[in-house]
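Have the model open as you read.

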Amino acid sequence: MSSVIWYLYEFGRKVWVKGFFNGKTSKEIMEKPDRFRDFPKVLKKNCIGCGACTSSCPSPNAIKLIRDMDDKDHHGITYPVINKGACIRCGFCAEICPSEPKTLECGENHFITEKFNIVPSKRKFIVDDFLCIVCGKCRDACNVNAIEEINNRFRVNEKKCVACGDCLKSCPVKGAMKGIFINNLEEQKTIIKLIVDRLESFIENKKEELDKLDNLSLVKIQYPLSELWDEIIAILPDEEVAYEVTENAINRLKIRVMTWNEDNCKLCKLCVDECPTGAITYNEEDNRVKHDKNKCLRCSYCYQTCPFGVVKYFVVKFLVENNEENNNDKDINEIVKNKVIGITIKTSPLSAYLSD
Amino acid sequence: MFQSLKNIVRKSSIHVCIVNCGGCNGCDVELVALFSPRYDIEQYGIYIHNNPREADVLLITGAVTEQWIHNIKRVYSKVPEPKIVVCVGNCPISGDVFNQEGGTVHAPVSNFIPVAAEISGCPPRPSEILNAILSTGPGAISNRGRERK
């Protein structure tokens, strides 16, 4: 009996009767609720053009930074454009956007005041305290105030850094602000070792030119970078990283080269006792003094000791230069083809004292 | 006379077949929500079939994977005329997050079959899908029906 009353009550309700005769979805269900995170809204005039939104975006084609044409009075403004066909409405771009007020608005997450960094960057920015002259230009250039001054020293706050690289451009001292690649340190070491080995053997093979060298003149030779490039790419496939590591390593490289001319040796064995690592040995069987390159420290003791000029000692510096002048290529492989390593060789400064 | 009668019938009852050509299933879940009582797609005369031979509209989700390049054309050829294709979600439009450098996704779908409408979103809301089907579906089908072959 009670269930019959319940049925009468349930089916007698106005809502039910209305729904039974007019079975349409109600309008409120079809509308997007306020909390719904829709496609990002772009406010062009706030954009600082840092590119943080593009690098935080998980979808490859969703955001592009666009720059308007310049007119007579103003530079064209830079701003992001959202491709709705690729945007996944995750709102990362709005969260990362460092401009104040925001250039991108998407959902409500970016109104959270506590900021955190989700930029997947290959670089980590570090201030080298030894080279930094504390001029503060990087701090002024930083759009997100990621560079802080602590005890008269600058430090990059990784939680705020968006890896835009503006500090790198503004730094007046070469090498004081570093954007290092942190993901493949082992490969970078192998590359530098490969470069040093190759260049050293290349220089040692240029005997004729080294023999002519006196303590006033320099020898300049060139070595095409493309000969090393294939091996470098085999070690580290990321061309952009590989090229920058190679160029930095070569430009900073300063090596000492020893040549060992056995024809002049008179077997006085003075050098054998002088060598601190035991790299020079006397072999009684074939009556020769041998120099082991892998043990050698390039300390120049043997060079200073030898009275017969068996050992020669050179200081070599390197610089990556352009082979042809007009070089507008953007592809790294094309750039590498045009680059040569300029090698400058001079005798060690000791030679001036020894020859007197 | 007969043609206009056919158009009226086509407008009021649309038969739909869902094809997932290699996506994450997110869009398919949103499509399933359309059949639920909350959105109730059948009140608009839209019916779902698993068989393309019964369908007027192909709803495509997913970024075309290698195996689907051939099959998507086969499925399309089995739909009786007049037929239209609607892309649901970003994957068939641009490949979305799957279209990474070095990936093996063959988006967009429009490279393989003609597409009439695109619904962007990852995934789109059920109401967005419903709006798109209702605004393009009936008109497009009756227009295709008037084409002379």
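A residue counts as buried if 20 or more other C-beta atoms lie within 10 Å of its own. By that rule, buried residues account for 21% of the 356 residues in chain A. Keep in mind that this is a predicted model.

Chain A contains 15 helices and 14 strands. If you look at contacts in chain A between residues at least 6 apart in sequence, 68% of them link residues at least 24 apart.

Chain A also meets a partner: 15 of its residues are in contact with 17 residues of chain B. On the chain A side, that set splits into six nonpolar, five polar and four charged residues.

Now for the helix pair. Two packed helices are described by the angle between their axes and the distance between the axes. In chain A, the axes of helix 8 and helix 11 come within 10 Å and cross at roughly 50°. Angles from 65 to 115 degrees count as roughly perpendicular and those under 35 degrees as roughly parallel, so helix 8 of chain A is oblique to helix 11 of chain A. The crossing of helix 8 of chain A past helix 11 of chain A is right-handed. The residues that make this contact are listed here:

| Helix of chain A | Residue range | Contact residues |
|---|---|---|
| Helix 8 | residues 185–204 | Gln188(A), Ile191(A), Ile192(A), Ile195(A) |
| Helix 11 | residues 239–252 | Ala242(A), Val245(A), Thr246(A), Ala249(A), Ile250(A) |

By class, the contact between helix 8 and helix 11 of chain A has seven nonpolar and two polar residues, with no charged ones.

Note on methods:
Residues are numbered from 1 along each chain as its sequence is written. Chains are lettered from A and ligands numbered from 1 in the order in which they are written. This is a predicted model: local features need pLDDT of at least 70, side-chain atom pairs count only at pLDDT 80 or more; totals for chains, interfaces and linings use all residues. Axes are lines fitted to C-alpha atoms, for helices over the stretch in contact, and angles run from 0 to 180 degrees between N-to-C directions. Helices (H or I, at least four residues) and strands (E, at least two) are DSSP runs, numbered from the N terminus. Angles under 35 degrees count as roughly parallel, over 145 as roughly antiparallel, 65 to 115 as roughly perpendicular and the rest as oblique. A crossing is left-handed if the near helix is turned anticlockwise from the far one by less than a right angle, and right-handed if clockwise. Two residues are in contact if their C-beta atoms, placed from the backbone, lie within 7 Å. Ala, Val, Leu, Ile, Met, Phe, Trp, Tyr, Cys and Pro count as nonpolar, Asp, Glu, Lys and Arg as charged, and the others, Gly among them, as polar. A residue is buried if 20 or more other C-beta atoms lie within 10 Å of its own, exposed if 12 or fewer, and partly exposed in between; C-beta atoms are placed from the backbone.
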